[in-house]
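The report below goes through one structure, part by part. Please keep the sequence and the model in view while reading.

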Amino acid sequence: MLMRYMMKHAFVNGSVITVDKNDTVAEALLIEDNKIVMCGSNEEIRKAAGSDAGTTNLKGRTLMPGLIDSHYHPILNGLLGPGPDAAMIDTFKDNCGSLKEMLDMIREAVSLKKPGEWVSMMGYEPSFFPEKRHPTLKELDEIAPENPVHCMHGGGHICMYNTKALEYLGVYGPEDAKKYPRDEVEVIDGELTGMVRGHTHFRLWGQVDYPQEAQAKAAMKSQDHCLRNGITSIHDCGELDKPSYHIMQKLCRQRKFKVRSYMMLHSIFGKPFSKEDNDHWMKLGLMSGLGDEHFKIGTCKFMIDGGSGGPSCYTREPYTHDPSLPREKGWERDEVAEYIKEINDAECQASAHAIGDGAVEFMVSGYEKAFETDPRPDLRHRIEHCTLSDQDLIERMAKMNICPSVNVGMIAFQGANYERFFGPERSRYACAVRSMLDAGVCCSFQSDTPSGPAGLTLIDAAVNRYDRTKGVQCDRTQAVSVMEAIRCATVNGAYGAYEEDIKGSLEPGKLADIIILSDDILKVDPMNIDKIKIDMTIIDGVVEYKRDDLQRQLPDL
Ligand SMILES: [Zn+2]
């Protein structure tokens, strides 16, 4: 049962992490309706609350601002489902343990479809499979001779398609691969492999049909995921074009989608579509930040390179583990600079997906060029993921007030792989949160859901730099304190969306977006942060989520 607290409500006997500029930790907090009234000692709060206010005894647990996930794909994530009838079948590790299992899933899905209907799936990572490989074109064709198959890697940037799907690209044989940029339709030893990369893959993905009803349902499913993970705001980093933007705005307006959303104008179907969306917005003269505290239009976002998981990102030097692998980039340096200038001149916030240090360098030098004629540190331009960088790039970001949204949770998920792919030198600057904070860069944390883990895992990864999937301690050069990580996961995300005046910390007048944890996060052994649960998620002063087994412990709610 959801409820709004009556008028005033006090939370006492807790570890109230305010995330104010002094990192104050208080005992108690008072809210009234949907706003924070004050933080203070138990006594101060009880006195200010008066006799008719409700009270929650925190019993030593942490209460803190709700998490702001600065890169999340709610519709994409919600389309994923475990069963063969899902709009996009989940083949992430927990739902699919081997290549054999994945092929069986496709077989089952095909049996439920009419000929010609797409089978879509996402999530697998060959290194997690005992077979250690992708499916082959032949395997996919045998199982699905009449249905196009979209079998996407967890990172989203590479995908295996069958012959029926490749026909949509006009690819009938290896010769046809030449119609597309190099390496995007893979040919090995004169044969198509079924692997399609980068922008060509996104273009083909755009042919998969996901009905609007399924998209709306998907968003609501992701809301549950957010609430369970203590996320009270997301920066929605790209969906399926117009129907998705419309669906999200409508759900937010109807207050069905309670998590606050900052919607980037970005089509996951690739460059021409994304450009079209952004260009249209700029042509109308509108600026980032338009909307209300429930739904806002965010950055003009585009996407430069590939993913970190495959890997397929654009690094300056070849990958360490396999120098022959293609490093994907969909934009050239000058193009990036030109586009940034256009966005900067339109007084919009720019951002691009940039994972490899080559792509990050394109962004940084693009901003420098735009700032030569019109320096706009106030626009708080961004870089999405910003996975690989170095000291020089970070210092240049600091000078321009660039606000990277860092996919730090990937260290807990893929950290050991990063060290293998990029070698010790470069991976010392993987998700370089320590160096960014030291240089004065306001970086925020993102999950990139569904590609990476969400919630407190981001704090765990930033503090411990421990790969939870493989049980491997990664390099700790970039480790930060728990308090620093909390700051990145809350108020820094608000700053990256021009919203630090209304949320991200527990200060008088700010929105009552609050989470309660099962422990005191500042006192537990940091290695156990991953065991802490979200007990409660409150948005706009309303309890939207309460952990099931809490009913008896908290009779006053
Ligand atoms: Zn993303």
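## Helix α6 and what covers it

What covers the buried residues of α6? The cover includes β13, β14, α5 (163–166), β15 (185–188), β16 and α9 (271–283). Helices (H or I, at least four residues) and strands (E, at least two) are DSSP runs, numbered from the N terminus. This is a predicted model, in which local features need pLDDT of at least 70 and side-chain atom pairs count only at pLDDT 80 or more, while totals for chains, interfaces and linings use all residues. Residues are numbered from 1 along each chain as its sequence is written.

Helix α6 spans residues 198–205, and seven of its eight residues are buried; a residue is buried if 20 or more other C-beta atoms lie within 10 Å of its own, exposed if 12 or fewer, and partly exposed in between, with C-beta atoms placed from the backbone. The buried residues of α6 are Gly198, His199, Thr200, His201, Phe202, Leu204 and Trp205.

## Strand β14 and its partners

Strand β14 (residues 158–161) has Ile158 and Met160 pointing one way and Cys159 and Tyr161 the other way, and all of these are buried. In a regular strand the side chains alternate between the two faces of the sheet. Strand β13 (residues 149–153) pairs with β14 in the antiparallel sense over three bridges, where two strands pair if DSSP finds at least two bridges between them. His150 has Tyr161 as its bridge partner in β14, and in the hairpin of β13 and β14, with four residues between the strands, Gly156 takes a positive phi near 85°. Strand β16 (residues 191–197) is joined to β14 by three bridges and runs antiparallel to it, with Arg197 of β16 standing opposite Ile158.

Tyr161 lies in strand β14 and counts as buried because 27 other C-beta atoms are within 10 Å. Leaving aside neighbours within four places in sequence, Tyr161 is in contact with Val149, His150, Leu166, Gly194, Val196 and Leu204; two residues are in contact if their C-beta atoms, placed from the backbone, lie within 7 Å. Tyr161 and Val196 are 35 residues apart in sequence, and their C-alpha atoms are 7.2 Å apart in space.

An open sheet of eight strands has the order β9-β17-β18-β19-β20-β21-β22-β23, with parallel pairing. Because β9 (67–72) and β23 (444–445) each have a single partner strand, they stand at the edges, and one side of each is left without a neighbour in the sheet. Within this order, strand β21 (residues 382–385) and strand β22 (residues 403–406) pair in the parallel sense over four bridges, and Pro404 in β22 is the bridge partner of Ile383. Helix α11 packs on the sheet, touching β20 (350–354) and β21, and its direction makes about 165° with that of β20.

Helix α11 (residues 357–373) also packs with helix α12 (residues 391–400) at an angle of about 35°, with the axes 10 Å apart; axes are lines fitted to C-alpha atoms, for helices over the stretch in contact, and angles run from 0 to 180 degrees between N-to-C directions. The contact is made by Val360, Glu361, Val364, Tyr367, Glu368 and Phe371 of α11 and by Leu393, Arg396, Met397 and Met400 of α12.

## The four-stranded sheet

A further open sheet has four strands in the order β6-β5-β2-β7, with mixed pairing. Its edge strands are β6 (35–40) and β7 (54–57), each of which pairs on one side only. Strand β2 (residues 8–12) and β7 pair in the parallel sense over four bridges, and Val12 stands opposite Asn57 in β7. Helix α1 (residues 42–49) lies across β2, β5 (28–32) and β6, running at about 165° to β2.

Leu506 lies in the loop between α17 (491–495) and β26 (514–517), and counts as buried because it has 28 C-beta neighbours inside 10 Å. Leaving aside neighbours within four places in sequence, Leu506 is in contact with Val16, Thr18, Val19, Leu29, Ile36, Cys39 and Pro65. The C-alpha atoms of Leu506 and Leu29 are separated by 8.4 Å, although these residues are 477 residues apart along the chain.
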